[in-house]
Structures are given as structure tokens and as C-alpha cells.
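Visitor: I would like to go through the terms used for this model and see what each one rests on. Where do we start?

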Amino acid sequence: MMPYITRLIEDKEKHLFDNFMDSHPEGHVLQTWGWGELKSKTGWQPWRLVLEKDGEIVAGISILERKIPVIGIPIFYASRGPVLDLKDTELFDTLLSEVKKLAKKRGAIFLKIDPDVPSADLTLENYLKSRGFRSAETDKGFEGVQPKYVFRLDISPDEETLLAQMHQKTRYNIRLAKRRGVNIRIGTKEDLPQFYEVLKETTERDNFLVRAYSYFEDMYEILNPEGMLELFLAEYEGKLIAGTIALKIGKKAWYLYGASSNSHRNVMPNYLIQWEMIRWAKSKGCTLYDFRGVPGQLTEDNPLYGLYRFKKGFNGEYTEFIGEWDLVYRPAVYFLWNTLEPIYSNVIRGLIAKLRRR
């Protein structure tokens with residue numbers, strides 16, 4: 001008899017699911033109940049599957065289901081999942097078997113995963129290959145579903161040590177912002193409209209797309225009450241000049257969104273706001289701070305090189321993750337998906353670019 005009990009988690013047990021994510025070493029905020037709720041407002045259907053043993057959850061996965069355009073057949077995506085002891089092959093095999101049953105019931109083409117695991121971990125890569133996963137890597141790098149390259153900082157040392165380990169220019173800019181009178185405070189839902197205006201200013205300057213305001217409002221309403229999200233604001237002479245959104249679960253924190261005004265950039269608010277987020281994460285018991293995406297092409301002519309240099313200055317460890325892996329359930333349809341999806345995406349990007357130029 002299988003030692004595990006498998007079941008889908010219901011709404012009334014959402015805190016049971018999130019408590020598991022919060023306490024597990026592999027837990028990730030993108031695998032939480034709340035993140036699935038957020039994505040449900042953008043066309044995804046979340047499923048939360050767990051394995052239990054002796055009344056305790058020992059493995060969990062939050063799966064996002066979405067029907068692909070035109071053909072209307074669903075795909076499965078477990079953002080930064082699954083969450084379990086990745087070296088326990090029996091447990092992993094059992095979880096994959098149960099996901100396959102759900103996929104068959106739903107008619108899913110494949111399961112995509114992108115574990116929060118460094119690429120140096122060949123044990124996991126070898127396991128995935130042996131179970132039929134195939135690499136879904138492209139040349140997208142930074143533009144993957146989730147960033148493949150990040151900076152991660154061990155924030156367990158004391159503040160003086162963390163500052164001393166930073167690049168001299170980064171440390172100088174943090175202190176400069178303080179001397180110039182930049183004030184960092186934690187925002188509320190009422191501050192979101194102002195934050196969003198600065199975010200739009202940022203996206204227009206740096207030429208990338210921004211989600212609708214409703215997405216950020218939903219994110220705040222869902223995750224902030226659970227203690228998983230905080231809004232940080234940088235003010236100078238009474239004016240909002242920068243803002244960030246940080247996520248947190250267990251002992252990990254992530255810098256998710258950043259916005260900065262075109263005005264008063266010389267007072268270096270972005271440096272001070274990052275430092276205050278690190279201090280906040282430490283105060284919440286975190287030992288790891290993830291700066292999120294940076295480019296994989298580390299040359300000065302890369303348009304995103306400035307972002308890399310900014311994050312590098314905080315002395316984080318440049319980390320390449322294992323990337324995206326697909327477990328295919330319907331090979332013929334998967335081939336069609338891989339052929340049509342890039343064409344569809346390019347058409348959509350082209351239309352958006354034309355609209356923005358008008």
C-alpha cells in the first residue's frame with residue numbers, strides 16, 4: 001500500500017497549504033495559495049495538490065492551468081515548484097504520478113516546472129531527464145517565464161558586515177541618499193495609485209510593458225494581509241520618487257517590482273530602498289534576499305547591464321537556475337504548441353509595440 005495520501009487542497013484549508021510552504025526549506029512564494037488566487041484573476045486555474053504521510057503534508061505543488069489560444073487545450077505550469085525534498089526520489093515519483101493523473105483528467109499537454117535550484121545541482125537535472133522531462137530552454141534568458149539568472153544575498157550577517165561587504169560605490173550611495181534626506185516608508189493600499197504612476201514612468205523610460213493597475217491592487221489585497229507582501233516608498237521633499245514591492249515567505253524574501261521617477265535620481269533613492277528592504281527582510285527572520293532577474297549575457301553592450309551592475313553592487317551571489325523543464329503528456333500536441341507559440345507571441349508583441357508607438 002502506498003504510504004502517502006494524495007488530495008487536492010480546498011479553500012477552507014488554504015492556511016494549511018501555506019503553512020507547509022512557509023516552513024519547508026524549498027518553499028516559494030510563487031507556490032503559495034495566494035499567488036494562485038492572484039493568477040486566477042488573469043485567466044489561470046489553480047490546483048493545489050499535496051501528499052500526506054502520518055497526517056502531515058510532505059510534498060505540495062501549486063499548478064496553474066491555462067488553455068492555449070486557438071486550439072483551447074490546457075497546459076500545466078508549477079511556478080518555482082514543486083515543493084518537497086527534491087532528493088527523495090520515491091516521494092518525487094509519487095507526486096509526479098499524481099500530477100499525471102490530474103493532467104490526464106484535465107487533458108493537459110505538459111507540465112512545466114522551473115525549480116528555484118542552481119544549475120550546478122546536476123543531481124536534480126539527471127533525475128528530471130531520467131523521468132522524461134525535457135529542457136525547455138530557449139535563448140530568452142532573462143525573459144523566461146521566471147528569471148533564470150538572479151543575484152541572491154545571504155543576509156544572515158549583521159548589518160555592519162553586510163554594508164562592509166558591498167561595493168564601495170553602493171555603500172556610498174546608500175549613505176548619500178540618507179544625507180540628502182530621502183525617506184523610506186512602508187506604504188498602504190492607498191499609496192498604490194501613486195506607486196503605479198511612477199511604475200508607468202519607469203516602463204516608458206526603460207521601454208518595457210507594465211501590467212494593469214488592477215493586477216497590483218489584487219496582489220496587494222491577496223498577499224499583504226497574509227504577511228507575504230510589502231510596499232516600500234521613497235520620498236524626497238514630500239514627493240514620491242521611487243517604490244518597490246517585496247515578497248516574503250519563510251526565511252526568503254524577493255524584490256519583485258521596482259519603480260523610479262525621472263526626477264531626483266541624483267539622490268540615489270533606489271540604493272536606499274533596497275537596503276531598507278534587506279533590513280526589513282532581516283527583521284522578519286529571513287536569511288536569503290533574492291534580487292530577482294538579471295541578464296545572462298554579461299557584456300556592457302547589453303541594455304540590461306546597468307541593472308546587473310546595480311544589483312551586483314550589493315554583493316549578492318550571481319546564480320544561474322536550472323531553468324525550465326517540460327514533462328510532456330501529449331507529444332503530438334506539444335509539437336504543435338512549440339511550433340505555434342513563438343509565432344503567436346511575436347505577433348502579440350508586434351501589435352503591442354505598434355499601439356505604444358501611436
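Guide: With exposure: buried means under 20% relative accessible area, exposed over 50%, and partly exposed in between, computed with a 1.4 Å probe on protein chains only. This is a predicted model, in which local features need pLDDT of at least 70 and side-chain atom pairs count only at pLDDT 80 or more, while totals for chains, interfaces and linings use all residues. Residues are numbered from 1 along each chain as its sequence is written, and side-chain values use heavy atoms, with hydrogens and water left out.

Visitor: Why is Tyr-318 called partly exposed?

Guide: Its relative accessibility is 29%.

Visitor: What makes Tyr-308 buried?

Guide: Tyr-308 has a relative accessible area of 11%. Buried means under 20%, so Tyr-308 is buried.

Visitor: How many aromatic pairs does the structure hold, and what makes two rings a pair?

Guide: The structure holds 19 aromatic pairs. Rings of Phe, Tyr and Trp (its six-membered ring) pair if their centres lie within 6.5 Å; planes under 30 degrees apart count as stacked, over 60 as edge-to-face and the rest as tilted.

Visitor: Why is the pair of Tyr-271 and Phe-310 called edge-to-face?

Guide: The ring centres of Tyr-271 and Phe-310 are 4.9 Å apart and the planes stand at 75°, so the pair is edge-to-face. Tyr-271 belongs to helix α9 (residues 269-283) and Phe-310 to helix α10 (residues 305-312), so the pair ties together parts 39 residues apart in sequence. Helices (H or I, at least four residues) and strands (E, at least two) are DSSP runs, numbered from the N terminus. Both Tyr-271 and Phe-310 are buried.

Visitor: What makes the pair of Tyr-308 and Tyr-318 edge-to-face?

Guide: The centres of the Tyr-308 and Tyr-318 rings are 5.9 Å apart, with the planes at 85°, so this pair is edge-to-face. The pair links distant parts of the chain, with Tyr-308 in helix α10 and Tyr-318 in strand β13 (residues 317-320), ten residues apart. Elsewhere, one aromatic cluster is formed by Phe-195, Tyr-196, Tyr-213, Tyr-215, Phe-216 and Tyr-257.

Visitor: Why is α2 called roughly antiparallel to α8?

Guide: Helix α2 (residues 33-40) and helix α8 (residues 213-223) pack at an angle of about 155°, their axes 9 Å apart. That angle makes α2 roughly antiparallel to α8. Angles under 35 degrees count as roughly parallel, over 145 as roughly antiparallel, 65 to 115 as roughly perpendicular and the rest as oblique. The axes are lines fitted to C-alpha atoms, for helices over the stretch in contact, and angles run from 0 to 180 degrees between N-to-C directions.

Visitor: Which residues of α2 and α8 meet?

Guide: Contact means heavy atoms within 4.5 Å. Gly-34, Trp-35, Glu-37, Leu-38 and Lys-39 in α2 meet Tyr-215, Asp-218, Met-219, Ile-222 and Leu-223 in α8. The residues of this contact divide into six nonpolar, one polar and three charged. Ala, Val, Leu, Ile, Met, Phe, Trp, Tyr, Cys and Pro count as nonpolar, Asp, Glu, Lys and Arg as charged, and the others, Gly among them, as polar.

Visitor: What covers the buried residues of α8?

Guide: The cover includes α2, α7 (192-206), β9, β10 (239-249) and β11 (252-260). Among the buried residues of α8 are Met-219, Tyr-220 and Leu-223. Leu-229, in strand β9 (residues 229-236), is in contact with residues including Met-219, Tyr-220 and Leu-223, leaving aside its neighbours within four places in sequence.

Visitor: How do you know that Leu-229 is buried?

Guide: Leu-229 has a relative accessible area of 1%, so Leu-229 is buried.

Visitor: What makes α6 and α9 roughly perpendicular?

Guide: Helix α6 (residues 168-180) and α9 pack at about 95°, with axes 8 Å apart. α6 and α9 are therefore roughly perpendicular to each other. Thr-170, Asn-173, Ile-174, Ala-177 and Lys-178 of α6 and Tyr-271, Leu-272 and Trp-275 of α9 make the contact.

Visitor: Why is Arg-292 called buried and Asn-315 partly exposed?

Guide: Arg-292 has a relative accessible area of 17%, so Arg-292 is buried. Asn-315 has 38%, so Asn-315 is partly exposed. Although not a glycine, Arg-292 has a positive phi of about 65°; Asn-315, also not a glycine, has a positive phi of about 75°.
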